Amino acid sequence: MQGIELHAIDLMKRAGKYIRQMIDHAYHIEEKTNKSDLVTEIDKNVEDLLIEGILNQYPDHHIYGEEGRAARPETLGGTIWFVDPIDGTMNFIRQKRHFAISIAIMVEGELKYGFVYDVMADEMFHSIKGLGAYENGIRLAPIEEKPVREAIICMNATWVTANRRIDAALLAPLVRDAVGVRAIGAASLELAWVAAGRVDGYITMRNMPWDYAAGQMLIEELGGRVGTIEGDAMTFQEQTSVLAGSRTFVADVLTYVNK
Ligand code: IPD
Ligand code: CA
Ligand code: CA
Ligand code: CA
């Protein structure tokens, strides 16, 4: 490894150390849009730390961060870092585990690097375009082809109860047919777990680019697929659905949804 990926990993590990130091301290918590959508001063401080570390080294790069602490780029031109300082803020506050720092680097519209760091487990997942995906430096195997009936699916129960984004009756049969369903509560980690073969698919109706871009890189480097629930490619612009897993899993889910 060299250059930008080492810099990213070093920064994320430093940020992780800061989070572990602060996790048992009292810190300020705010509601953003509702009681499930929280941000803490730690999220903001971590984003600041990451931005400073990126721009010190790469002053002409752009940062698209969840907490908006750096000016957001208007186009996908140049080099963009998609940054989620704490993915799974609710888990960070309530469970003190199962949250991640998620960073993806895109160059001229193409994803080149993806990093998901499970801070409490000290597990670093990273991938480099064309060079595979790794867990703590050990190369991950290609994603196994599994249809829904052989799969463990990561999906929040929200999407099989009445909601504003999808007819719950479309996704409920997946719960019936799958081997099991899990909800971890941190999108980037759920995608990293697909990459690591711990689960076989991830489905959500509501992610932002900083939630999915890093995990997408990991999965695609292992032969998997990441797109929308309509079967379209990601646009890295606004809120989107995400359907991720092996080619077989994704094709199978699309037959359920497009009945
Ligand atoms: C959230 C988590 C959650 C997912 C939400 C995300 P945050 O990120 O990844 O699992 O369902 O869509 O917004 O707000 O904790 O960074
Ligand atoms: Ca958030
Ligand atoms: Ca997030
Ligand atoms: Ca976040």
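**Figure 1. Helix α5 meets helix α6.** In this predicted model, Ala187, Ser188, Leu191, Ala192, Val194 and Ala195 of α5 meet Asp211, Tyr212, Ala214, Gly215, Gln216, Leu218 and Ile219 of α6. Two residues are in contact if their C-beta atoms, placed from the backbone, lie within 7 Å. The contact of α5 with α6 divides into 9 nonpolar, 3 polar and 1 charged residues. Ala, Val, Leu, Ile, Met, Phe, Trp, Tyr, Cys and Pro count as nonpolar; Asp, Glu, Lys and Arg count as charged; the others, Gly among them, count as polar. Helix α5 spans residues 187–195 and helix α6 residues 209–221. Helices (H or I, at least four residues) and strands (E, at least two) are DSSP runs, numbered from the N terminus. The axes of α5 and α6 lie 8 Å apart, at an angle of about 5°. That angle makes α5 roughly parallel to α6. Axes are lines fitted to C-alpha atoms, for helices over the stretch in contact, and angles run from 0 to 180 degrees between N-to-C directions. Under 35 degrees counts as roughly parallel, over 145 as roughly antiparallel, 65 to 115 as roughly perpendicular, and the rest as oblique. Residues are numbered from 1 along each chain as its sequence is written, while chains are lettered from A and ligands numbered from 1 in the order in which they are written. In this predicted model, local features need pLDDT of at least 70 and side-chain atom pairs count only at pLDDT 80 or more, but totals for chains, interfaces and linings use all residues.

**Figure 2. Helix α1 packs with helix α2.** Helix α1 covers residues 4–22, and helix α2 covers residues 41–57. Their axes are 10 Å apart, at an angle of about 155°. That makes α1 roughly antiparallel to α2. The crossing of the two is right-handed. A crossing is left-handed if the near helix is turned anticlockwise from the far one by less than a right angle, and right-handed if clockwise. From α1 come His7, Leu11, Ala15, Tyr18, Ile19 and Met22. They meet Ile42, Val46, Leu49, Leu50, Gly53 and Gln57 of α2. This contact has 9 nonpolar, 3 polar and no charged residues.

**Figure 3. Helices α4 and α7 cross.** Their axes come within 9 Å and cross at roughly 135°. That makes α4 oblique to α7. The crossing of α4 and α7 is right-handed. Leu170, Pro173 and Leu174 of α4 make the contact with Val253, Tyr256 and Val257 of α7. By class, 6 residues of this contact are nonpolar, with no polar and no charged residues.

**Figure 4. Ligand 1 and its shell.** The ligand is surrounded by 13 residues. Closest are Asp87, Gly88, Thr89, Gly185 and Ala187. A residue is near a molecule or strand if its C-beta atom, placed from the backbone, lies within 6 Å of it. Strands β4 and β12 (201–207) each supply at least two shell residues. The largest share, 3 residues, comes from β12. The shell holds 2 nonpolar, 6 polar and 5 charged residues. Domain 1 and domain 2 each give at least three residues to this shell.

**Figure 5. Domain 1 touches domain 2.** The protein chain is assigned domain 1 (4–139) and domain 2 (148–258); such bounds come from an automatic or database domain assignment. The C-alpha centres of the two domains lie 21 Å apart. In all, 29 residues of domain 1 are in contact with 22 residues of domain 2. Several elements each supply at least two residues of the side of domain 1 that touches domain 2, including β4 (79–87), α3 (89–94) and β5 (100–107). Strand β6 gives the most to that side, with 6 residues. The residues of this side divide into 16 nonpolar, 8 polar and 5 charged.
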